[in-house]
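Hi,

Here is the structure I promised to pass on. Have a look at it first, and my notes on the charged side chains follow below.

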Amino acid sequence: LALNPEDPKLLSNRSATYASLGKYSLALRDADECVRLDPDWFRGYFRQGAALMGLDRFKDAVTVLQKALEKDPGREDTRMRLEDAKKAREKSSQRAVDPMVTELKTKGNKLHKEGNFVDAVYYYGRALELAPNDPTLYSNRAASYSEM
């Protein structure tokens, strides 16, 4: 790079090295520069996606990995990385609703303890809309139903 600082392949390789060392901000900087220098090459977008995933920016990673796949649709490694990014984005968005689920569950628990089972069922149901895989919510709702 000292001899040719605008070589996208060298920047791509350094980006990969930074990512492997956990230095995702530096990896992203090199990947961004790689894309700037050669916007038609899939590898720059691929490197951006890897760096963004390391930074837990999964929505952005999905976007750039889709661009990488558009540039070279036959790349299985890109397709797999895109699927990983989509799964991570989904998991991340599920974590984002946890405070609301906790709030609804707490309201349901309070109402159940007060003997207000109809409203407790309502709040547990609302929480289940946001977290359909939470077995505690089903159990709590069933307990409130059984008291009605």
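**Salt bridges**

Asp30 pairs with Arg29 in a salt bridge, with 3.7 Å between the closest N and O atoms. By salt bridge I mean a side-chain nitrogen of Lys or Arg within 4 Å of a carboxyl oxygen of Asp or Glu.

Before going on, a word on the source: this is a predicted model, where local features need pLDDT of at least 70 and side-chain atom pairs count only at pLDDT 80 or more, while totals for chains, interfaces and linings use all residues. Residues are numbered from 1 along each chain as its sequence is written, and side-chain values use heavy atoms, with hydrogens and water left out.

Back to that pair: is Asp30 buried or exposed? Asp30 counts as buried, at 2% relative accessibility, whereas Arg29 is partly exposed, with a relative accessible area of 45%. (Buried is under 20% relative accessible area, exposed is over 50%, and partly exposed lies in between, using a 1.4 Å probe and protein chains only.) The two also belong to a network of salt bridges that links Arg14, Arg29 and Asp30.

Two other pairs to look up:

- Arg75 and Asp77 form a salt bridge through their side chains, at 2.9 Å from N to O. Arg75 is partly exposed at 25%, and Asp77 is partly exposed at 30%.
- Lys110 and Glu114 form a salt bridge too, at 3.0 Å from N to O. Lys110 counts as exposed, with 52% relative accessibility.

And how many salt bridges does the rule give? The count comes to eleven.

Cheers
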